[in-house]
Every structure is written in structure tokens, then in C-alpha cells.
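Take a look at the structure before reading on.

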Amino acid sequence: MSWRNQGSSPDYRFTLANERTFLAWIRTALGFFTAAIAVDQLATSLNDELYKPLICLALLTVSIICSVFAYSNWRGNEIAMRLNANLTYSKSIKIVPILMVLVIVILLSSIYSDSFN
């Protein structure tokens, strides 16, 4: 039996709030995706063969992770609401900022590595 048929239909307000959260995660993923494209196409000062692809891949990875977490969080909350269970907290709230700090450190090291040479 599909999880969509289990339990009772939740109040539409909670379902819509859950969908808004899902869309916020998707907007965040699109932002990271756009940032990766911008770095690839517009960051002419990052001509290093190591840093530019690394930053783009890191941003694309964060974008994919946000997209996956968006669906898994939406699905988990929807199931919990249908079964009248407690909502769980997302682990992605801890993971995404850590990944962003790593991307920023790579970006800063690529910018300032030219200053020391």
C-alpha cells in the first residue's frame, strides 16, 4: 500500500506549508546551481585549472543534496502528518551549512593563493 493512501488526509493548511518548505529547498538548490554556472562562465579571475572546477563541482553537489533533502523532508513530513505522528527534524540543516563553509574556504583560498605567489 502506498504511503499516500495510509492514515488520514492532513489539514490542507499543513500540507500547503509542507509544500512551501519543499519549494524553499528547491529555490535554494536552484540558487546553488546558478552560482555554479556563474562561477564557470563569469569568474575570469579563477583561471586556475584546479580551483574553478572544484568550486563548480562543490556548488553542484550542494545543489543536488538540497534537491534530495527537499523531497525526503517533504515525504517524511507528509507521512508523519497522515499518520498523526511527530515531525522529525532534518539532518540537512546541519549538513548544508558545513558544505557551504567548505565551498567558501576553497573560494577564498583560490582568490588569495595568487596574492602569495
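Q: Is I104 buried, partly exposed or exposed, and what is its relative accessible area?
A: This is a predicted model. Buried means under 20% relative accessible area and exposed means over 50%, with partly exposed in between. I104 is partly exposed, because its relative accessible area is 45%.

Q: Which residues form a nonpolar patch on the surface with I104?
A: I104 is found in helix 3. The patch has about 440 Å² of accessible area together. The residues that form it with I104 are L107, L108, I111 and Y112.

Q: Which element has the lowest mean pLDDT, and which the highest?
A: The protein chain averages a pLDDT of 86, and 93% of the residues score at least 70. Among the elements, the lowest mean, 81, belongs to helix 3 (residues 92-113). The highest, 93, belongs to helix 1 (residues 12-42).

Q: Is T15 buried or exposed?
A: T15 lies in helix 1. The cut-off for buried is under 20% relative accessible area. T15 has 15%, so T15 is buried.

Q: Which residues does T15 touch, not counting residues up to four places away in sequence?
A: Contact means heavy atoms within 4.5 Å. With those sequence neighbours left out, T15 touches P10, E78 and M81.

Q: How far apart are the end C-alpha atoms of helix 2?
A: Helix 2 (residues 51-82) has 32 residues. At 1.5 Å a residue, helix 2 should span 46 Å. The model agrees, because the end C-alpha atoms are apart by 46 Å.

Q: Which residue with a positive phi follows helix 2?
A: The phi is near 55 degrees. The residue is N84.

Notes. Residues are numbered from 1 along each chain as its sequence is written. This is a predicted model: local features need pLDDT of at least 70, side-chain atom pairs count only at pLDDT 80 or more; totals for chains, interfaces and linings use all residues. Side-chain values use heavy atoms; hydrogens and water are left out. pLDDT is the predictor's confidence in each residue, from 0 to 100. Helices (H or I, at least four residues) and strands (E, at least two) are DSSP runs, numbered from the N terminus. Patches are made of residues with over 30% relative accessible area and no salt bridge: like charges are joined within 9 Å, nonpolar side chains (Val, Leu, Ile, Met, Phe, Trp, Tyr) within 5 Å. Accessible areas come from the Shrake-Rupley method with a 1.4 Å probe; for residues, only the protein chains shown count as cover. A salt bridge is a side-chain nitrogen of Lys or Arg within 4 Å of a carboxyl oxygen of Asp or Glu. Buried means under 20% relative accessible area, exposed over 50%, partly exposed in between (1.4 Å probe, protein chains only). The expected span of a helix is 1.5 Å times one less than its number of residues.
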